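Me: I'm new to this one. Can you walk me through it?
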Amino acid sequence: VSEQEQEVNLRQRLSGLSRLPLLRGARVDGEAERLERQLERLKAEATDEEIWRSVELARHPDRPYTLDYVERILDDWVELHGDRSRADDGALVTGLGMLDGRTVALIGHQKGRDVKERLDRQFGMAYPEGYLKAMRLMEIAARFGFPVISLIDTPGAYPGVAAEQHGQGGAIARSQAAMSRLQVPTVACIIGEGGSGGAVAIAVADTVLMQENAIYSVITPEGCAAILWRDAGEAKRAAAAFKPDAAHCLELGVIDGVVPEPEGGAQLDHDAAAVLLKAVLMEALAELEDTPGEELRRRRRAKFRGMGVFA
Amino acid sequence: MAEARIDVQVEHKHAPPPTDKKHPNTCPKCGSHYRDDELERALWVCGHCGHHFPMRARSRIDWYADEGSFVEELQDIRSDDPLDFFDLRPYTERLSEAELNTGLGEAIVVGQATLDGHAIELAVMDFSFMGGSMGSAVGEKFSRACDAAVERGTPLVSVTSSGGARMQEGILSLMQLPKTVCAVEDLHDAGVPMLTVMAHPTTAGVLASFASLGDVTVAEPGALIAFTGPRVVQQTTREKLPDDFGLAEQNLRFGHLDAIVPRPDQRSYLSRLLRLFAGRRT
């Protein structure tokens, strides 16, 4: 695909986005303009520095985490704990809440704010137990027809001895399979780090969104650098090579839209970030609402089965 | 008297680092050495200690499939380079090199065959093609093999051997996880059985997607089956690793496998399962 075709492609996606009711309000011009700027950046071949900036913002210690959004977006939130088998994984929270008057099931990775909480929540890296807990919530959602919202923010699934013994790979596979079976509307948004299998495990959704400064990648920049460059210090170059930023993910057809953040990044204004995220989630759900469950599932599978570029 | 010492440091500065890499036909367990034809006849299993050498996809297909029954499909699906990926070398160069070295177009070979007269669809991975890594082409070939199995109503026999997703395709390689998972779910919905044999190694993205979703899942003895391999677990967590960390034997003990089936028994094992899955009363 030539550079020009790529640009046309992205422009079409952007115009598709701006047709969303979400982008119709007063904010639209600003957001569309921002996306335009992203396009410009893409056209100008984003420098290593620019891509690295989104990596840094996605991992910013002041960035809002799942529960920060939950308290701003949902009413009557009830967190539901435990996988009914072995444990309650603090790296992945699940629960029910009201979004604008309707019940939704929410699944999200959760990082910690201070040292103790970070350790308790394993830096947002879930064990298989976390994905089992997520599947339990999906079951409830399916049974009662609640839409599923998942918020993704993890460096990756937990890489430990017990996690392996408890079946990390299988749990990630089965969590994706459970999402692909749902006959309720599902919306996923990457709100920080979308790290590899641990992220995609809860991201097989009808609509997949990324916040403006989030990243979505097959491996951490450090991990990629260690393997391909044999030097973890080459993380910047690795990130530039595999392009984990939202604009590139949109261009590659991996996500369906970009959620704007407050100027300078979500870490600067949690309230404003939550307002923007809530508006997009509501619009995304409204778009899916009238489609029969079976059709949602068929389309969802067809979408993911169409992903990839080959000759 | 002190011996005169010669400083050899300078000469050794550019010598290759010491390596314990043996000849590929030397058994890493017991040191027995074999010729290619000996190993091929023994299904690439050490006659002395039972170590399973890596088995190439074509050798395995020749052995699983009834003679002359295998018809390869989707040979033309090749990898592309959507990111213009360049690490120490361009991705396209790595692809051509893999093709030259393996004689394969990609890290998976798919097609239809019969096994003891049972019609099956085969999807066999080959670790020697870029570490069996899964990019868009591998994901597409595997998914279309699922579709072919559904269309013809024949069970899918899948053999995995992979280091995980192909990093050179960035996020698109990660998307092959949900892609192949969705393909397997379509297969499940159609009531078509899927039997999986995990060969060494089955790790990361392939373990975390279609490999784990078979109706029956078995592994070869000693195969590494882990989402995160021992080296990374050790480096990240500094935990002490059990001796059999991530091996098939540990996975069986923890309930992640139906059985460990040594290579010489696999054909009859698959044949028995195919008979059982075909034995539905209609």
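Me: Let's start with chain A. How many bridges join strand β4 to β5(A), and which way do the two run?
Reply: This is a predicted model. In it, six bridges join β4 (residues 148-154) of chain A to β5(A), and the strands run parallel. In that pairing, V148(A) stands opposite T186(A).

Me: What else does β5(A) pair with? Start with β6(A): how many bridges?
Reply: Four bridges link β5(A) to β6 (residues 207-211) of chain A, again parallel. There, A188(A) sits opposite V208(A).

Me: And how many join β5(A) to β7(A)?
Reply: Three, also parallel, with β7 covering residues 215-217 of chain A. E193(A) has I215(A) as its bridge partner.

Me: Is β5(A) mostly covered or uncovered?
Reply: Mostly covered. β5 spans residues 186-195 of chain A, and 10 of its 10 residues are buried.

Me: New topic: the two chains. How many residues does each give to the contact?
Reply: Chain B gives 56 and chain A gives 47.

Me: What area is buried there?
Reply: About 4,400 Å², with carbon and sulfur atoms giving 68%. In chain B, M167(B), I171(B) and F227(B) lose the most area to chain A, together 15% of what that side buries.

Me: How many salt bridges cross over?
Reply: Five between chain B and chain A. One joins D147(B) to R305(A), with the closest N and O atoms 2.8 Å apart.

Me: Which element of chain B gives the most to its side?
Reply: α7(B), with 10 residues. That side divides into 28 nonpolar, 14 polar and 14 charged residues.

Key. Residues numbered from 1 in each chain as written. Chains lettered and ligands numbered in written order. Predicted model: local features only at pLDDT ≥ 70, side-chain atom pairs only at ≥ 80, totals over all residues. Heavy atoms only, no water. Contact = heavy atoms within 4.5 Å. Buried area = accessible area lost by both parts, 1.4 Å probe. Salt bridge = Lys/Arg side-chain N within 4 Å of Asp/Glu carboxyl O. Nonpolar A, V, L, I, M, F, W, Y, C, P; charged D, E, K, R; others polar. Buried < 20%, exposed > 50% of the residue type's maximum accessible area, 1.4 Å probe, protein only. Pairing = 2+ DSSP bridges.
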